[in-house]
Amino acid sequence: MEKNASTVNTTPHQDVTKEDEDTRRAGRPGSLAGRIALVAGATRGAGRALAVELGRAGATVYVTGRTTREHTSEVGRPTETIEQTAEAVTAAGGTGVAVRTDHLDQGQVGALVERIDREQGRLDVLVNDLWGGEHLLVGSVFGKKSWETPLADGLRILELGVRSHVVTAALALPLLIRSSAPLLVEVTDGTAAFNRRYRDNLYYDLAKNAPIRIAFGLGQELAEYGGTAVAVTPGYLRSEQMLDHFGVTEETWRDAVARDPHFGVAESPYYLARSVAALAADPDRAARWNGRSTSSAELAEVYGVRDVDGSRPDGLGYMADVVYGGKPGTPDDYR
């Protein structure tokens, strides 16, 4: 589905209602003016959208990833690059800065942090959206016992989903705490409550629960600096890869419901991103969110955010209630 940089719509329309304006004032354009953000893992999906929405609110956003116009990562999707993300941030009203970084390489992460320090002198928002393990899931993880998963693939999942987060936090936090109100956002799959159920495979379960514990633990450490650490998750994410998987586009995504009825509750990456941008501009965020895990749907309710189509989907609620809980309901009941 993904288009070239010259045709991709990087700034989706905003059907903002009066309710949105009244209740998500913290996320309005300009509310993050002067703030410095790093979105680690911003090549595509939620990471790209998070960078764009932070930029739309006025932030300078450093965007990192391994795929550039000259280099493609193991994910194998050359159609999405960090340069495109940076350009989208700037087009939205912020300042986007692309820095190719492998967040498993301590030297590269250290150089990135030194560059931000040299150019900006501080960091206000760190978003850890590092993953890039989807290519390992279908063949090596889903439907397999842990001992049936090739050990190399399982360990790679932990590298991509856990070690990268730890390396980035360890090297960036000394700069982050220079901010008057530092914010660390750990992006994962599932809230603490939702992830009480086993997430299909040991390696995936560990990879998606670790960021929740990282946010909980670092929330304790950041508290004395007036900081906030929070783990966030989308519901059923309508990412570029998912759209490609179903052979649909953002405009025709509902056609995929014929193959997977649950996709009817899918949300765009901008739903989570708009919610996080509002959280980032909330002066009371530490009291509300520090150490917690939350979802796009919960944040959207608190801040009055809506998705690009004007809906407010609750994908995790639908999965918990209907798919796993056996309650009657349809995806449309949760939009």
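Q: Is Arg197 buried, exposed or partly exposed?
A: Arg197 has a relative accessible area of 27% and therefore counts as partly exposed (buried is under 20%, exposed over 50%, partly exposed in between, with a 1.4 Å probe and protein chains only). This is a predicted model, where local features need pLDDT of at least 70, side-chain atom pairs count only at pLDDT 80 or more, and totals for chains, interfaces and linings use all residues. Residues are numbered from 1 along each chain as its sequence is written, and side-chain values use heavy atoms, with hydrogens and water left out.

Q: What does Arg197 touch, leaving out residues up to four places away in sequence?
A: Asp205, Ala320 and Tyr324, where contact means heavy atoms within 4.5 Å.

Q: How far apart are Arg197 and Tyr324?
A: They are 127 residues apart in sequence, and 9.6 Å apart in space from C-alpha to C-alpha.

Q: Switching to Arg44: buried or exposed?
A: Arg44 counts as buried because its relative accessibility is 14%.

Q: What is Arg44 in contact with, beyond its neighbours within four places in sequence?
A: Thr67, Val75, Arg77, Glu80, Glu240 and Gln241.

Q: And the largest nonpolar core, which residues touch the most other members?
A: Leu54, Val61, Val127, Val185 and Val232, out of 43 residues. A nonpolar core is a set of buried Ala, Val, Leu, Ile, Met, Phe, Trp, Tyr and Cys residues joined through side-chain atoms within 4.5 Å.

Q: Which residues are in the second, separate core?
A: That core has 22 residues, including Ile36, Val109, Ile116 and Leu123.
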